[in-house]
Amino acid sequence: FSDLMLDVLLGFLGLYFHDVVGLRETQAAGAVFIWLVTGLLGDFLLIPLLEKVDGLRYLGWSVLLELLLFPAFLLVPQPWLKLVLVGLLGFFNSGWYAILKGRLYSSLPRQSGTVMALDKFTGLVGDLLPFGIGLAADAFGLHVAIWLLLAGPIALLVGLPRLSASKTIHN
């Protein structure tokens with residue numbers, strides 16, 4: 001489900017900025033560029049943060065931020081504000097893939113083959129998500145279908161284990 005706010009959002013972002021927001025192709029590509037650059041910056045800054053804060057704690061907070069930022073991004077009418085919000089979305093979903101993949105490997109020690117098999121299976125299922133969103137966009141418009149991406153952070157919020165305060169700081 002994290003992939004909805006990662007690769008799936010990336011796949012629809014340029015189209016959204018062109019078809020829904022009304023930007024020219026080069027401007028829509030610029031929006032994708034903003035999302036990518038802020039995501040890379042977030043990944044870079046996340047490394048020292050994860051030395052002090054548990055990855056799941058960070059993930060929980062960033063999921064909450066994405067749940068607030070994404071609807072704001074979709075609802076604001078000003079293109080410049082959408083660009084600011086898409087940058088924040090890219091910044092705050094940083095590390096999701098790495099943290100979740102790392103947790104999967106650590107929860108199945110010495111079973112990397114099993115992890116790879118699970119990854120392939122869930123990848124097959126996950127590959128259907130953009131197709132479903134595309135069908136919804138065809139039926140209802142991209143401005144409506146893109147709201148389905150909120151299922152990602154909602155599922156993460158529901159599925160993430162809760163941590164006690166004593167587990168959040170590494171000694």
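User: Over which residues does pLDDT stay under 50, and how many contacts beyond four places in sequence does the model have for them?

Analyst: pLDDT, which is the predictor's confidence in each residue on a scale from 0 to 100, stays under 50 over residues 164–171. For that stretch the model has 13 contacts beyond four places in sequence, where contact means heavy atoms within 4.5 Å. This is a predicted model, in which local features need pLDDT of at least 70 and side-chain atom pairs count only at pLDDT 80 or more, while totals for chains, interfaces and linings use all residues. Residues are numbered from 1 along each chain as its sequence is written, and side-chain values use heavy atoms, with hydrogens and water left out.

User: How do pLDDT values look for the protein chain, and which elements have the lowest and the highest mean?

Analyst: The protein chain averages a pLDDT of 88, and 95% of the residues score at least 70. Among its elements, α6 has the lowest mean, 77, whereas α4 has the highest, 97. The element names refer to DSSP runs numbered from the N terminus, namely helices (H or I, at least four residues) and strands (E, at least two).

User: Why is Ser-2 called buried?

Analyst: Buried means under 20% relative accessible area, exposed means over 50%, and partly exposed lies in between (1.4 Å probe, protein chains only). Ser-2 has a relative accessible area of 13%, and therefore counts as buried. Ser-2 is found in the segment before α1, and, leaving aside neighbours within four places in sequence, Ser-2 is in contact with Trp-96, Leu-100 and Leu-156.

User: What makes a set of residues a nonpolar core, and which residues have the most contacts inside the largest one?

Analyst: A nonpolar core is a set of buried Ala, Val, Leu, Ile, Met, Phe, Trp, Tyr and Cys residues joined through side-chain atoms within 4.5 Å. The largest such core has 41 residues, and those with the most contacts inside it are Leu-13, Tyr-16, Phe-17, Phe-70, Phe-73 and Leu-149. Several helices each supply at least two residues of this core, including α1, α2 (25–50) and α4, while α3 gives the most, with nine residues. Not counting residues up to four places away in sequence, Phe-17 touches Gly-22, Leu-23, Ala-28, Ala-31, Phe-73, Lys-82, Leu-83 and Val-86.

User: Why is a space called a pocket and not a cavity, and what volume does the largest pocket have?

Analyst: On a 1 Å grid over the protein atoms alone, a cavity is a set of points where a 1.4 Å probe fits but cannot get out, whereas a pocket is an open set with protein on both sides within 12 Å along at least five of seven lines. Grid points are joined across faces, edges and corners, and a volume is the space filled by probe spheres set on the points. The largest pocket has a volume of about 840 Å³. Its lining, which consists of residues with an atom within 4 Å of a point, has 22 residues, of which Phe-1, Ser-2, Asp-3, Asp-119 and Thr-122 lie nearest the centre of the pocket. The largest share of this lining, eight residues, comes from α6.

User: How is the lining of the largest pocket divided by class, and which residues lie nearest the centre of the second largest pocket?

Analyst: Ala, Val, Leu, Ile, Met, Phe, Trp, Tyr, Cys and Pro count as nonpolar, Asp, Glu, Lys and Arg as charged, and the others, Gly among them, as polar. By these classes the lining of the largest pocket has eleven nonpolar, four polar and seven charged residues. The second largest pocket, with a volume of about 250 Å³, is lined by 15 residues, of which Leu-6, Trp-35, Gly-39, Asp-43 and Asn-93 lie nearest its centre.
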